[in-house]
Amino acid sequence: ERIEGLTQKSANGLWIGTFHSMSSRILRKEIEPLGYRKDFCIYDEDDAGNHVRSILKDFKIHEALYRGILSKISSLKASLVWPDDLLSNEDSYGFDEKFARVYVKYQDELKKNNALDFDDLIMCTVRLFEEHPEVLKKYQEEFSHIMIDEFQDTNASQYRLSKLLASDHKNICV
């Protein structure tokens, strides 16, 4: 409504939303090549916290650490670091083996439950586009022009997603 009010034109056909909402919309249509079903659920912060606490309990790690661990996982995902990347380059990230095992199990169980957490929305969309160029091409054609508000607040995953989408037409305004 705000866009229509400002432009005095219909916003029908425009995609207006956050990086997360737009990624969710794309994944609802396209996620199957990543091994998820389209009816995936999205874990909120409480779901993710409970999930990490359960894993910590299984590994006999003090459950009170869950917030810090969840924060580290979120930070890694914002930097597009998958559990496999962490394991293959463990020393370069400065995390111990226990944390790596928690991250691997966390992500494995999310996938087993056909679930994504909030950070997975963008990370999985980037992976989808990078591993399936035909899907990327479809959305590059959909988005001939891209405008990003508050670009200074974007993280690495949001930047990579923007760069992928804009790489064909190169019509981007930030």
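Asp46 sits in helix 3, which covers residues 45–58. The model is predicted. Asp46 has a relative accessible area of 57%. That value makes Asp46 exposed, because the cut-off for exposed is over 50%.

Asp46 belongs to a negative surface patch. The patch also includes Asp44, Glu45 and Asp47.

Asp58 is found in helix 3 too. Its relative accessible area is 46%. The C-alpha atom of Asp58 lies 9.7 Å from that of Val102. Along the chain, Asp58 and Val102 are 44 residues apart.

## Aromatic pairs

The count of aromatic pairs comes to six. One of them joins Phe129 and Tyr139. Their ring centres are 5.9 Å apart, and the planes make an angle of 35°.

Phe129 lies in helix 8 (residues 118–131). Tyr139 lies in helix 9 (residues 133–142). The pair therefore ties together parts that are 10 residues apart in sequence. Both Phe129 and Tyr139 are buried.

## Aromatic cluster

Phe129 and Tyr139 also take part in one aromatic cluster. Trp15 and Phe143 are the other members.

Note on methods. Residues numbered from 1 in each chain as written. Predicted model: local features only at pLDDT ≥ 70, side-chain atom pairs only at ≥ 80, totals over all residues. Heavy atoms only, no water. Patch = residues over 30% accessible without salt bridge, like charges linked within 9 Å, V, L, I, M, F, W, Y side chains within 5 Å. Areas by Shrake-Rupley, 256 points an atom, 1.4 Å probe, with all protein chains shown as cover. Salt bridge = Lys/Arg side-chain N within 4 Å of Asp/Glu carboxyl O. Lys, Arg positive; Asp, Glu negative; His and termini not counted. Charge placed at Lys NZ, Arg CZ, Asp CG, Glu CD. Helix = DSSP H or I, 4+ residues; strand = E, 2+ residues; numbered from the N terminus. Buried < 20%, exposed > 50% of the residue type's maximum accessible area, 1.4 Å probe, protein only. Phe/Tyr/Trp six-rings, centres within 6.5 Å; stacked < 30°, edge-to-face > 60°.
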